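User: I have a structure to read and would like to know what stands behind the words used for it. Please set each term against its cut-offs.

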Amino acid sequence: MLNKKLIAAVITLTITGIWTGNAALAGEALKVPAGTITIEGKKPVSFDHQIHLKLGVACGQCHHDAKHQPRTAEAIGALTKGDELQCATCHNDKFAKAELRERKDTFHARCKDCHVAGVNGKKGPTACTACHGKTKKAVEGC
Ligand code: HEC
Ligand code: HEC
Ligand code: HEC
Ligand code: HEC
């Protein structure tokens with residue numbers, strides 16, 4: 001009898017535990033993407049967070065908020081929607097500074113400028129194809 005009660009209590013606790021877990025998941029804290037992501041646009045780019053984080057680059061060197069304050073990993077973890085990290089959420093045709101409205105200007109200013117300056121003596125690639133890949137084949141389906 002005692003054993004049955006104990007088992008029931010354990011099961012209840014386990015189920016509650018799982019439910020609490022799910023409730024936490026419902027908010028889905030944002031974490032750094034593990035693999036390669038695609039930066040969408042007319043000239044999409046494959047971007048690998050890990051290569052950059054290994055250099056010791058902080059999240060806030062690329063991610064900032066509406067006041068242009070760097071976002072830490074903790075601040076990013078507290079967000080629930082990826083949109084808030086999408087550069088074009090702010091950098092679009094309504095952005096206050098005209099020179100930071102176009103995707104080309106905004107991304108090149110962040111990505112290419114650092115590739116030229118480098119990190120601890122290590123430079124990044126600056127050839128168009130290093131970021132944008134090879135141009136599409138002229139004939140589809142070849
Ligand atoms: C260090 C990486 C990097 C390099 C090097 C680079 N780009 Fe980009 N570029 C990007 C990213 C990221 C975007 C944003 C993706 C997009 O808009 O398609 C972008 C966007 C663009 C766009 C705007 C596309 C749109 O959506 O409006 C053009 C045009 C462009 N690049 C041309 C070039 C050319 C030409 C070169 C070489 C002289 C070059 N890029 C080199 C990263 C790079
Ligand atoms: C070298 C630049 C760079 C660094 C450093 C960086 N990110 Fe990113 N991250 C990006 C870019 C660019 C995107 C894609 C934004 C877009 O598509 O407009 C992105 C996207 C993301 C997304 C996906 C957002 C979505 O659309 O769902 C998450 C989550 C994220 N980053 C978290 C982090 C965290 C956490 C760190 C630090 C540990 C970090 N990033 C460091 C450049 C960077
Ligand atoms: C929540 C809104 C917001 C998001 C999202 C955002 N920015 Fe910004 N960004 C700003 C503001 C505000 C400024 C400051 C503009 C000024 O100086 O008036 C700025 C400035 C910049 C600058 C020029 C100053 C500098 O830091 O060199 C670059 C480049 C830039 N952003 C790139 C990016 C990139 C790349 C992303 C995505 C990884 C991004 N931004 C996401 C709001 C945003
Ligand atoms: C703070 C500096 C810094 C910023 C910002 C940065 N990069 Fe880099 N990136 C580097 C360095 C340094 C390397 C070379 C890494 C190595 O050789 O280990 C690199 C390497 C790369 C590579 C080649 C490795 C690979 O993934 O195949 C690509 C592509 C790239 N970066 C794209 C981007 C794009 C797109 C952005 C903007 C969203 C960006 N980087 C922003 C410093 C930076």
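Analyst: The shell around ligand 4 divides into 13 nonpolar, five polar and four charged residues. This is a predicted model, in which local features need pLDDT of at least 70 and side-chain atom pairs count only at pLDDT 80 or more, while totals for chains, interfaces and linings use all residues. Residues are numbered from 1 along each chain as its sequence is written, and chains are lettered from A and ligands numbered from 1 in the order in which they are written.

User: What makes a residue nonpolar, polar or charged?

Analyst: Ala, Val, Leu, Ile, Met, Phe, Trp, Tyr, Cys and Pro count as nonpolar, Asp, Glu, Lys and Arg as charged, and the others, Gly among them, as polar. By these classes, ligand 3 has eight nonpolar, six polar and three charged residues in its shell, and ligand 1 has eight nonpolar, five polar and five charged.

User: What puts a residue around a ligand, and which come nearest to ligand 4?

Analyst: The C-beta atom, placed from the backbone, must lie within 6 Å of the molecule. Around ligand 4 there are 22 residues, and Asp48, Cys111, Cys114, Lys122 and Gly124 come nearest. Ligand 3 has 17 residues around it, the nearest being His68, Cys87, Cys90, Ala109 and Arg110. For ligand 1 there are 18, with Gly41, Lys42, Arg103, Cys128 and Cys131 closest.

User: Which helix supplies the largest share of the shell around ligand 4?

Analyst: Helix 4 does, with five residues. Helices (H or I, at least four residues) and strands (E, at least two) are DSSP runs, numbered from the N terminus. Helix 4 also gives the largest share around ligand 1, seven residues.

User: Why is cysteine 87 called partly exposed?

Analyst: A residue is buried if 20 or more other C-beta atoms lie within 10 Å of its own, exposed if 12 or fewer, and partly exposed in between, with C-beta atoms placed from the backbone. Cysteine 87 has 17, so cysteine 87 is partly exposed. This residue lies in the loop between helix 3 (73-77) and helix 4.

User: With which residues is cysteine 87 in contact, leaving aside its neighbours within four places in sequence?

Analyst: Thr106 and Phe107; contact requires C-beta atoms, placed from the backbone, within 7 Å.

User: How confident is the predictor, from 0 to 100, in the protein chain?

Analyst: pLDDT is that confidence for each residue, from 0 to 100. The chain mean is 84, and 75% of residues reach 70 or more. Over residues 13-26 pLDDT stays under 50, and the model has zero contacts there beyond four places in sequence.

How values were computed: Two residues are in contact if their C-beta atoms, placed from the backbone, lie within 7 Å.
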